[in-house]
Amino acid sequence: MIVFEDVSHDYGGGPLFGDVSVRLEPGSFHFLTGPSGAGKSTFLKLCYGELLPSLGKVSLMNRDLRAMSRDDLAETRARIGVVHQDCQFLDHLDVETNISLPLTATGRPVNERDVRDLMGWVGLAEQAKSLPPTLSGGERQRAALARAIIGAPNVLLADEPTGNLDWDMSQRLMMLMIELNRMGTAVLIATHDLNLIRFAKAQVQARVMRISGRKLQLAGAEL
Ligand SMILES: Nc1ncnc2c1ncn2[C@@H]1O[C@H](COP(=O)(O)OP(=O)(O)OP(=O)(O)O)[C@@H](O)[C@H]1O
Ligand SMILES: [Mg+2]
């Protein structure tokens with residue numbers, strides 16, 4: 001689904017990770033961890049074609065990222081949901097409209113009932129008509145998750161999705177992503193929070209990748 005072959009990325013200060021080869025298979029659950037600045041967000045950007053790798057090959061849905069036209073990439077991206085590290089909304093549009101944006105922006109039909117169901121699922125039924133600046137941190141993160149999955153993506157990429165949340169809310173959000181994975185969505189979560197990874201590993205079979213010393217490795221069972 002997302003395949004890295006001998007990938008490394010360098011913004012100019014030396015490669016962040018070298019020669020990574022990994023496969024994110026349909027229905028899989030992965031964590032990516034490592035210290036601040038290790039390259040987690042960079043790795044995720046490679047996964048949805050926001051960046052091209054400096055070296056090596058990234059394939060999304062069996063197609064080489066480098067060979068994709070803009071239209072191909074847009075079509076492929078519609079199958080990948082992303083929760084960005086700094087979740088931004090259009091502040092003048094209500095939460096419901098923001099959550100529907102991935103559909104409206106790509107000309108896909110919006111089924112109001114589906115949107116309402118999804119908002120209920122993430123616990124935001126009451127906030128449908130609120131403006132984003134009035135949401136709490138946890139509500140914003142849940143809205144960002146809803147927006148990422150409104151288009152029923154095959155894969156969800158989440159960059160520190162529990163970044164600013166307390167432990168209760170972090171667990172709640174994690175359970176939503178685990179539930180999504182149980183329904184078949186492949187999930188990749190970048191987080192520095194090892195407690196969150198431990199919590200998830202008790203519920204779901206997850207593989208943990210760690211960037212350390214500019215190398216990405218699969219972590220063992222020690223977590
Ligand atoms: N657009 C860019 N141009 C140049 N350097 C960049 C760019 N984006 C990131 N970097 C650098 O690349 C390194 C990795 O950044 P990245 O955001 O991927 O790390 P991260 O693991 O997500 O960190 P954090 O946990 O703080 O979010 C950092 O040293 C960062 O300064
Ligand atoms: Mg980051």
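Helix α1 (residues 40-47) is largely enclosed by the rest of the structure, because six of its eight residues are buried; a residue counts as buried if 20 or more other C-beta atoms, placed from the backbone, lie within 10 Å of its own. The buried positions of α1 are Lys-40, Thr-42, Phe-43, Leu-44, Leu-46 and Cys-47. Their cover includes the strands β1 (2-8), β3 (29-33), β4 (55-60), β7 (155-159), β8 (186-190) and β9 (207-212). Helices (H or I, at least four residues) and strands (E, at least two) are DSSP runs, numbered from the N terminus. Just after α1, Gly-49 adopts a positive phi of about 75 degrees.

The model is predicted, with pLDDT of at least 70 required for local features and 80 or more for side-chain atom pairs, while totals for chains, interfaces and linings use all residues. Residues are numbered from 1 along each chain as its sequence is written, and chains are lettered from A and ligands numbered from 1 in the order in which they are written.

Ala, Val, Leu, Ile, Met, Phe, Trp, Tyr, Cys and Pro count as nonpolar, Asp, Glu, Lys and Arg as charged, and the others, Gly among them, as polar.

The protein is divided into domain 1 (1-79 + 153-223) and domain 2 (90-151), with bounds from an automatic or database domain assignment. Their C-alpha centres lie 23 Å apart. Eleven residues from domain 1 and ten from domain 2 form the contact, a pair being in contact if the C-beta atoms lie within 7 Å. On the domain 1 side, helix α6 (residues 167-182) gives the most, with four residues. That side comprises nine nonpolar, two polar and no charged residues.

Arg-142 lies in helix α5 and is buried, with 28 other C-beta atoms within 10 Å. Beyond residues up to four places away in sequence, Arg-142 touches Val-122, Gly-123, Leu-124 and Leu-173.

Notes:
Buried ≥ 20, exposed ≤ 12 C-beta atoms within 10 Å, placed from the backbone. Contact = placed C-beta atoms within 7 Å.
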